[in-house]
Amino acid sequence: MAVWMLLVGTLVGSLWPSLADAHSGGNWFDDQAAMSSSGSPSIRIDLSEQKAYFYKGGRLVGVSLVSSGKQGFRTSPGKFRVLAKRPNHRSSIYGSFVDRNTGRVVKADVDTRKHRRPAGTYYRGAKMNHYIRFNGGVGLHASGHVPRYPASHGCVRMPPHMARKFFQYSRVGMPVTVTH
């Protein structure tokens, strides 16, 4: 009986940190489970929780805090597939106008569809590293600003270390489900 209890205690103890973190709000990723679990990868983004969940063959192997689209730019719920992955992507719509001579930002937070580029400047798109595109131009990507409430222009922002993990284990064509 003591051996049985020790075995169960060891098993539960090895699972506890991941299960506790999944429900407590922390970011975590189990590389060993992602590599060793059979089956296909998938991602579920829960907009009401502002979290993304990475699964491998139905097994939860990672959770990340996220920041989705703010009012007027809401991230659409639905069932999608990863369309493309780009490690060093830059936005073609949102960014800054930069002085050609000095390299200094002349105007930040521009929308190329609304703002005209001043003379003597060039457009530099906002960094969207570890970009996983899944719905038109919308995707998951790294950001230094992940406030745990909707704050983006529609994409799903993730802390850089978590975006790297999701990017590493995701595949073009895999399912991405966005729910409320």
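In strand β3, the residue that forms the bridge partner of Ile43 is Phe54, and this pairing belongs to a predicted model in which local features need pLDDT of at least 70, side-chain atom pairs count only at pLDDT 80 or more, and totals for chains, interfaces and linings use all residues. Residues are numbered from 1 along each chain as its sequence is written, and side-chain values use heavy atoms, with hydrogens and water left out. The protein has three helices and eleven strands, where helices (H or I, at least four residues) and strands (E, at least two) are DSSP runs numbered from the N terminus.

**Overall make-up**

- Read from the N terminus, the order of elements in the protein is α-β-α-β-β-β-β-β-β-β-β-β-α-β.
- The protein has 180 residues, of which 39% count as buried; buried means under 20% relative accessible area, exposed means over 50%, and partly exposed lies in between, with a 1.4 Å probe and protein chains only.
- The accessible surface of the protein is about 10,200 Å², and 55% of this belongs to carbon and sulfur atoms; the areas come from the Shrake-Rupley method with a 1.4 Å probe, and for residues only the protein chains shown count as cover.
- Of the contacts between residues at least 6 apart in sequence, 61% join residues at least 24 apart, a contact being heavy atoms within 4.5 Å.

**The six-stranded sheet**

- An open sheet of six strands has the order β1-β4-β3-β2-β11-β5, with mixed pairing; its edge strands, each pairing on one side only, are β1 (28-29) and β5 (78-81).
- Two strands are taken to pair if DSSP finds at least two bridges between them, and β2 (residues 41-46) pairs with β3 (residues 51-56) in the antiparallel sense over six bridges.
- Within this pairing Arg44 stands opposite Tyr53 in β3, and the hairpin that β2 and β3 form has four residues between the strands, with Gln50 in the turn at a positive phi of about 55°.
- Strand β2 also pairs with β11 (residues 175-179), here in the parallel sense and over four bridges, and Asp46 has Thr179 of β11 as its bridge partner.
- Five of the six residues of β2 are buried, so that the strand is mostly covered.

**Phe97 and Val105**

- Phe97 lies in strand β6 (residues 84-99), and this residue counts as buried because its relative accessibility is 3%.
- Not counting residues up to four places away in sequence, Phe97 touches a set of residues that includes Val105, Val110, His115, Pro118, Thr121 and Tyr123.
- Phe97 and His115 are 18 residues apart along the chain, and their C-alpha atoms are separated by 9.6 Å.
- Val105 is found in strand β7 and is partly exposed, because its relative accessible area is 41%.
- Leaving aside neighbours within four places in sequence, Val105 is in contact with Ser96, Phe97, Val98 and Arg124, while Val105 and Thr121, 16 residues apart in sequence, are 8.8 Å apart in space from C-alpha to C-alpha.

**The largest pocket**

- The largest pocket has a volume of about 740 Å³, a volume being the space filled by probe spheres set on grid points that are joined across faces, edges and corners.
- On a 1 Å grid over the protein atoms alone, a pocket is an open set of points where a 1.4 Å probe fits, with protein on both sides within 12 Å along at least five of seven lines, and lining residues have an atom within 4 Å of a point.
- The lining of the largest pocket consists of 34 residues, and those nearest the pocket centre are Ser91, Tyr94, Ala126, Met128 and His153; the elements that give two or more residues to this lining are β6, β7 (105-111), β8 (121-135) and β9 (138-142).
- Strand β6 gives the most to the lining of the largest pocket, with seven residues.
- By residue class, the lining divides into eleven nonpolar, 16 polar and seven charged residues, where Ala, Val, Leu, Ile, Met, Phe, Trp, Tyr, Cys and Pro count as nonpolar, Asp, Glu, Lys and Arg as charged, and the others, Gly among them, as polar.

- His130, a residue of strand β8, has a positive phi near 55° although it is not glycine, and His130 is buried, with a relative accessible area of 19%.
- Arg148, in the loop between β9 and β10 (156-158), likewise has a positive phi, near 70°, in a residue other than glycine, and Arg148 is partly exposed, with a relative accessible area of 42%.
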